[in-house]
Amino acid sequence: MLEKLLTGPKTYYLWLLFLLAVIAGCGLVYLQQLQEGLSITGMSRDVSWGLYISQFTYLVGVAASAVMLVLPAYFHHYKKFKRMIIFGEFMAISAVVMCALFIVVDLGQPQRMMNVLLHPTPNSVMFYDMIVLIGYLTLNAVIGWVTLEAERHDVEPPKWIKPLIYLSILWAFSIHTVTAFLYAGIPGRHYWLTAIMAARFLSSAFCSGPAILLLLIFIVRRLTGFDPGRDAVKTLTTIITYAMCINVFFYLLEIFTAFYSGIPGHQHSILYLFVGHDGHMAWINSWMWTAVVFAALSLLMLIPPALRYNDKILPWALILLVIASWIDKSLGLLIGGFVPNMFETVTEYTPTVPEILIALGVYGLGGIIVSVLWKIAIDVKKENGTFALKGN
């Protein structure tokens, strides 16, 4: 199937060239980081995780969200999802690769990643996080390629793939649960010390990940005419709506617990994010209020069925949802956990320009992976007649 990469419209190759140019430019900045170290970032002794780990956290959720297609299709035999399952699995591959790259750039010296393999520490959550991410990447690569190959030849996938599919469903929950444990297992960070951290992670993943998938499919539909089916879109949109409602509810539980119980440490982190703390006004304040407004607007557009199933309104609702969840789960989560610190002092953190450019380079590589894999999937569907045009 790789031969399908050799043919395509000029716009497709121009898009790949653009992404390669972005990667090359940002790669030069990464070379600077390799030479000068993490001092070119906004991180410090008090804020040891920054933009890189925040993107890792968000993208783990994007990878896990593929289960929202696989679970209904294989556990509940909802066949209408099967037309776009392959796109969810290939998006998960891209997301996991970006997760790994964000870990690499956050280490400063990439050779340090070998320490996890050379000196395994089973009592470390990071050790298990590595295992579940590598396992999930392998599962999606094998399942996606084998099922697409079967679709190409118009045959049923081999029977041995079914157990792997069921395993991938359980594995999807595990990757974000273990990532949540990385945060919830640090007792000195009040903002992260919550029993529902894993539940919050999963609920945000199951709304933002499918929202990104639908937005990308809408772009593909506009460019190629491929249509996943109106019923499939409506069902997935309903799932997104419920997951977003649960996500907001969980956050409100944190607000209630912090302020009704009067827990100072938990209050200070939330106050810092939204209104500042002890005279310190942060740049994150405007971002967090933007997330609140965007989350509310997205729900106002998603909850009423008349608006949720409107093709003109739905993309805007999904865009607002993705922005809101990205701000909360990446920037808000990291900064709220580190500021104020356990000594109740404030060390400001602001991502630097080199930090942002390196992150863009990682996203550029992820964009190439998903573009290449999705093109193969689209060409296979065109070849065997399963490429459904809009309206069919």
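How far is the sulfur of C207 from the closest cysteine sulfur? In this predicted model, the separation is 9.4 Å, the closest cysteine sulfur being that of C245, and this is too far for a bond. C207 is buried, with a relative accessible area of 0%. C26 is buried, at a relative accessible area of 8%. In total, the structure holds zero disulfides.

The largest nonpolar core comprises 123 residues, of which F87, Y183, W192 and W374 touch the most other members. Residues touched by W192, leaving aside those up to four places away in sequence, include W49, Y183, M197 and F338. Ring pairs join W49, Y183, W192, F201 and F338 into a cluster. Helix 2, spanning residues 51–64, is mostly covered, with 14 of its 14 residues buried. This helix reaches 20 Å from its first C-alpha to its last, close to the 20 Å expected.

Aromatic pairs number 20 in the structure. One of them, formed by F102 and Y363, is edge-to-face, with 5.7 Å centre to centre and 65° between the planes. Because F102 lies in helix 4 and Y363 in helix 14, the pair ties together parts that are 261 residues apart in sequence. F102 is buried at 0% relative accessibility, whereas Y363 is partly exposed at 28%.

Charged groups also accompany rings. The charged end of K234 sits over the ring of Y309, 4.8 Å from its centre, and that of K375 sits over the ring of Y12, 5.4 Å from its centre.

Conventions
Residues are numbered from 1 along each chain as its sequence is written. This is a predicted model: local features need pLDDT of at least 70, side-chain atom pairs count only at pLDDT 80 or more; totals for chains, interfaces and linings use all residues. Side-chain values use heavy atoms; hydrogens and water are left out. Helices (H or I, at least four residues) and strands (E, at least two) are DSSP runs, numbered from the N terminus. The expected span of a helix is 1.5 Å times one less than its number of residues. Buried means under 20% relative accessible area, exposed over 50%, partly exposed in between (1.4 Å probe, protein chains only). A nonpolar core is a set of buried Ala, Val, Leu, Ile, Met, Phe, Trp, Tyr and Cys residues joined through side-chain atoms within 4.5 Å. Contact means heavy atoms within 4.5 Å. A disulfide is a pair of cysteine sulfur atoms within 2.5 Å. Rings of Phe, Tyr and Trp (its six-membered ring) pair if their centres lie within 6.5 Å; planes under 30 degrees apart count as stacked, over 60 as edge-to-face and the rest as tilted. A charge sits over a ring if NZ of Lys or CZ of Arg is within 6 Å of the ring centre and within 35 degrees of the ring normal.
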